[in-house]
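Good morning, and thank you for the time on today's agenda. Please look at the sequence and the structure as they come up, and follow along as I go through them.

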Amino acid sequence: MRIGIIGGGISGLTTAFLLKEKGFDCVVLEAAQTSGGCIQTDTIENRIYENGPNSLLLTESHLDLINRLGITNELLEAEGVNKDRFILRNGKYRILPSGPQNFFSNSFFSWSSKFKIMTEFWRKNKPSSEIESLYDFINRRFNDEICDYALDPFVSGIYAGDAKKLAVKAAFPALYEAEKEYGSIIKGMIKSSKKNKEKGAPTQRKKAFSFKKGLSTFIDGLSSKVEVKLNTKVVDIKKEGDQFKIITDKDTLLFDKVIVTSSAHTTAQFIKNLLPSISKQLNNLYAPPMCIVHSVYKKDDIERPIGFGGLNPLLEKTFTSGSIWSSCIFPNRAGADEVLVTSFVGGVQRAKNTLLSEDEIKSNVKLELAKTLDFNEEPVFQKIYKWEKAIPQYSAEILKLWDDLETNAIPNLYFNANWKGGISVPNCIDNSIKLVDSLDK
Ligand SMILES: Cc1cc2nc3c(=O)[nH]c(=O)nc-3n(C[C@H](O)[C@H](O)[C@H](O)COP(=O)(O)OP(=O)(O)OC[C@H]3O[C@@H](n4cnc5c(N)ncnc54)[C@H](O)[C@@H]3O)c2cc1C
């Protein structure tokens, strides 16, 4: 049995590696010159720039996979020096409370919000509808301040999205289920963690990691273990008896099973004939543009110490949705006397900012870093990478797409992409593990 995997990002490569471990014969078809998809590391003059994900929140099962690839020695854990998350409020970065230990002493939230958080456990109100937005859901359980100054910046940081347009059931299913089953998010979280402990499930403590030479080490490790056909773009899939005929821009290949891991808009193109209505829905799935702007400063020019990163709520009317202070998390990202800051321009709420010229974008980022972080000197270097379609939005429409995928399922054709089952890299790995576990020879 031969399996064709479309797409050589983390989903496709992990699936191929796990299939190979299980003894399956498979090949990855990748349209680009290199594999990795969203994971792209650029190394220029000893600085390491991530154009996609910057760090990954990994559990023991992910670390086990990395160990099987033989690249554990290359792992780099995020510096523990600063776990604080900063949120811009009235033009200045302020620390969010990081847990119960500083919940009362921290003055970020008003007393009325603190009261809402403390009493959520007991608060009754009408249950969520299937398509309730994330913003309405959190507003119903808490209040405007928590939505605008905690939810909004985090959602734009994770999804490049707008909490008013994401469906809670699709984007944060655990929150939706917690309220549905227990009547409260906090009660649901406590109960499910108790249940897991009783079941003896291993505690899945997450830690932030990258690799010494950046995240592309992960991609190189996987690619070296599996067969990947680069520069091979799939343009059509046909059913041919019990098999699938995959037509690429080079040749035609036959497979017994096909696993699709490509992005929504590219998948839409090659399943047009096989699954026309799914193709239309994938085409309509919005993935906003996003520019990643790397700015390098001389350490001596930076007056204040910085930490993990800062997020900007929409109410603050900023140009960027925030920045990650990359060389504070992984010091080898820039020279010992430098600071590398990675800023995010675009996403659903600020898509129009990506239409400016590269020079205008760089200049706006520079001005904003000066205003919010007191980076008043000129950066020694700036670099931009633009994603035309960065992250698929888990809006109410995606729930219908998932239902229709089940109703129209074609035996031996599987979809394992970041528009289904979670957008984070760890989600993609977990979904690949689940899929491969379900396949028998
Ligand atoms: C800017 C940015 C920042 C992010 N930050 C984080 C983060 O910090 N942490 C985190 O966990 N996640 C983050 N993510 C999300 C995460 O990186 C992605 O969701 C994940 O990497 C997707 O992997 P994938 O393999 O499913 O898809 P992709 O990476 O999109 O890979 C799909 C592959 O399919 C190929 N392909 C497409 N069409 C065809 C075709 N017709 N034929 C053959 N091949 C094709 C593409 O070239 C691509 O290589 C970020 C994403 C972006 C864009």
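The side chains of D64 and R68 form a salt bridge, with 2.8 Å from N to O. By salt bridge I mean a side-chain nitrogen of Lys or Arg within 4 Å of a carboxyl oxygen of Asp or Glu. This is a predicted model, in which local features need pLDDT of at least 70 and side-chain atom pairs count only at pLDDT 80 or more, while totals for chains, interfaces and linings use all residues. Residues are numbered from 1 along each chain as its sequence is written, and side-chain values use heavy atoms, with hydrogens and water left out.

To return to the pair, D64 and R68 both belong to helix α2, residues 60–68, where they are 4 residues apart, about one turn of the helix. Helices (H or I, at least four residues) and strands (E, at least two) are DSSP runs, numbered from the N terminus. Are these two residues buried, partly exposed or exposed? D64 is partly exposed because its relative accessibility is 38%, and R68 is partly exposed as well, at 35%. The cut-offs are these: buried means under 20% relative accessible area, exposed means over 50%, and partly exposed lies in between, with a 1.4 Å probe and protein chains only.

How many salt bridges does the structure hold? The total is 20. Another of them joins R2 and D25, whose closest N and O atoms are 2.7 Å apart. R2 lies in strand β1 (residues 2–6) and D25 in strand β2 (residues 25–29), so this pair ties together parts that are 23 residues apart in sequence. Both ends are partly exposed, R2 with a relative accessible area of 26% and D25 at 36%.

The next pair is E132 and R140, whose side chains meet in a salt bridge of 2.9 Å, N to O. Here both residues are buried. E132 and R140 also belong to a network of salt bridges that links them with E120, R141 and E179.

I turn now to a buried residue in a helix. I146 is in helix α6, residues 144–158, and counts as buried because its relative accessible area is 9%. Between I146 and Y135 there are 11 residues in sequence and 9.7 Å in space, C-alpha to C-alpha.

Next, the surface. F104, W111, F115 and M118 make a nonpolar patch of about 470 Å². Patches are made of residues with over 30% relative accessible area and no salt bridge; like charges are joined within 9 Å, and nonpolar side chains (Val, Leu, Ile, Met, Phe, Trp, Tyr) within 5 Å. The areas come from the Shrake-Rupley method with a 1.4 Å probe, and for residues only the protein chains shown count as cover.

E45, which is not a glycine, has a positive phi near 45°. E45 lies in the loop between β3 (41–44) and β4 (47–50) and is exposed, with a relative accessible area of 66%. N231 is likewise not a glycine, and its phi is positive, about 50°. N231 is in the loop between β10 (228–229) and β11 (234–240), and is partly exposed at 37%.

Finally, the spaces in the model. On a 1 Å grid over the protein atoms alone, a cavity is a set of points where a 1.4 Å probe fits but cannot get out, and a pocket is an open set with protein on both sides within 12 Å along at least five of seven lines; lining residues have an atom within 4 Å of a point. Grid points are joined across faces, edges and corners, and a volume is the space filled by probe spheres set on the points.

The second largest pocket has a volume of about 550 Å³. Its lining has 21 residues, and W402, L405, E406, F415 and K420 lie nearest its centre. Which element gives the largest share of this lining? That element is α15, with 5 residues.

As for cavities, the count is 1 of 30 Å³ or more. The largest cavity holds about 30 Å³ of space, and its lining residues include Y93, N312, E368 and T372. The largest share of that lining, 3 residues, comes from α14. Thank you for your attention.
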